Amino acid sequence: MSEIKSHEFDNFVERPLPSQRLYLFYGPDRGLVAERAAAIAAKTGIALDDPFSLIKLDGSDLSPGRLADEANALGLFGGGKLVWVRASGTEKALSEGLAYLAEEPPRDAFVIVEAGDLKKGTALRKIGETARSIIAVACYADDVKAINGLIDKELGAAGLRITPAAREALRDLLGADRLASRNEIAKLALYCRDEPVIEESHVLDIIGDASSTSVDDAVDAVLTGDMDRLMTSLRKVEASKTSMFLVLQSCLRQFQQLDILRAEMDAKRLGPSQVTATLGRGIHFRRKPLIEAALKNWGLPAIRRDLQRLQNAILQSRGRQMLEADIASQALIAIAFQAARQRSA
């Protein structure tokens with residue numbers, strides 16, 4: 001087994017690549033999956049601008065045997081080759097192809113597979129974690145330490161300093177997706193390039209607004225049943241190239257929290273403000289009125305019904321990645337429509 005823990009990757013990538021030529025990257029942070037896959041691709045020595053050396057495949061493109069055929073095919077002009085696959089990770093042809101290559105690794109090709117959030121025991125993850133010929137790298141959302149390191153690295157490269165209050169505000173807005181986090185910090189650095197130090201107001205001006213009009217704004221629109229706001233925020237999410245999966249994931253977390261709070265309300269006959277005071281200490285004070293209003297409007301059966309709807313949408317989006325945006329939008333619009341009906345009832 002050649003498994004690299006999420007926190008071990010930075011040290012791993014600084015060293016020369018080992019003898020293994022098969023790499024599997026998976027986890028809920030798709031930006032981090034893509035970033036780490038790109039870091040390994042850059043170290044292979046393969047010319048990434050050469051279409052004869054780099055073969056890019058989507059999971060839906062794979063038919064039985066194609067992955068092995070591409071990895072073992074001789075290059076038109078000789079030399080090494082990189083087969084780079086982006087997939088949900090549930091494709092049978094992908095798991096079967098990687099299992100075959102694990103037994104007979106290619107001699108002249110590297111294979112990099114980017115997958116989604118693979119549950120323990122799924123076929124692809126099991127292959128990656130048990131085969132010695134595969135290096136499997138888990139990519140989970142950044143914790144506080146990782147986010148601080150990313151802030152220091154990006155702002156340090158720009159020669160900028162940041163106050164503790166600004167760092168805390170910035171950290172609260174980052175972490176769900178590594179590429180999105182890096183882009184937001186770069187945007188902040190550009191905004192503050194002539195400032196002696198980054199203040200909290202700078203963070204809220206340039207990043208707070210971006211966050212509220214994208215993923216968070218979409219979740220809030222779903223809770224309130226504001227269809228116009230939801231459609232606007234979804235368009236902005238799509239325009240920013242942010243994965244719709246992040247909206248589904250954030251909405252799922254919000255409904256999981258509502259489930260806990262509403263169950264406590266019903267069990268102990270508490271009011272929304274009482275339950276948020278005891279179990280909602282992690283809720284930002286600006287969001288408490290929104291959560292309390294949602295708890296008034298949503299009963300426990302409705303919350304659990306829409307939790308199931310979100311879980312189904314996440315499962316479908318993983319299996320049909322090309323339709324991710326459509327699947328996510330349909331689920332979110334359906335939930336927002338029910339919220340609007342409950343609010344007006």
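**Briefing: sheet, cores and helix packing in a predicted model**

At 78% relative accessibility, R269 counts as exposed (buried is under 20% relative accessible area, exposed over 50%, partly exposed in between, with a 1.4 Å probe and protein chains only). This is a predicted model, in which local features need pLDDT of at least 70 and side-chain atom pairs count only at pLDDT 80 or more, while totals for chains, interfaces and linings use all residues. Residues are numbered from 1 along each chain as its sequence is written, and side-chain values use heavy atoms, with hydrogens and water left out.

**R269**
- R269 sits in the loop between α12 and α13 (272–279); helices (H or I, at least four residues) and strands (E, at least two) are DSSP runs, numbered from the N terminus.
- The phi angle of R269 is near 55°, a positive value in a residue other than glycine.

**Nonpolar cores**
- The largest nonpolar core has 40 residues, and F255 and L332 touch the most other members; such a core is a set of buried Ala, Val, Leu, Ile, Met, Phe, Trp, Tyr and Cys residues joined through side-chain atoms within 4.5 Å.
- At least two residues of this core come from each of α10 (215–224), α11 (227–239), α12 (244–268), α14 (288–297), α15 (300–319) and α16 (324–344).
- With 11 residues, α12 gives the most to this core.
- Beyond its neighbours within four places in sequence, L332 is in contact (heavy atoms within 4.5 Å) with V222, L230, L234, V247, L248, C251 and L310.
- Another core, of 27 residues, lies apart from it and has L62, V85, A87 and A115 among its members.

**Sheet**
- Six strands form an open sheet with parallel pairing, in the order β1-β6-β2-β5-β4-β3; two strands pair if DSSP finds at least two bridges between them.
- β1 (2–4) and β3 (54–58) are the edge strands, each pairing on one side only.
- The twist averages 15° from one strand to the next.
- β3 and β4 (residues 81–86) run parallel and are joined by 5 bridges; L82 in β4 is the bridge partner of L54.
- Helix α5 (residues 123–130) packs on the sheet and touches β1, β2 (22–26), β5 (109–114) and β6 (134–138).

**Helix pair α2 and α8**
- Helices α2 (residues 30–43) and α8 (residues 178–191) pack at an angle of about 85°, with their axes 5 Å apart; axes are lines fitted to C-alpha atoms, for helices over the stretch in contact, and angles run from 0 to 180 degrees between N-to-C directions.
- α2 and α8 are therefore roughly perpendicular to each other (65 to 115 degrees).
- G31, L32, A34 and E35 of α2 meet R178, L179 and R182 of α8 in this contact.

Notes:
Parallel < 35°, antiparallel > 145°, perpendicular 65-115°, else oblique.
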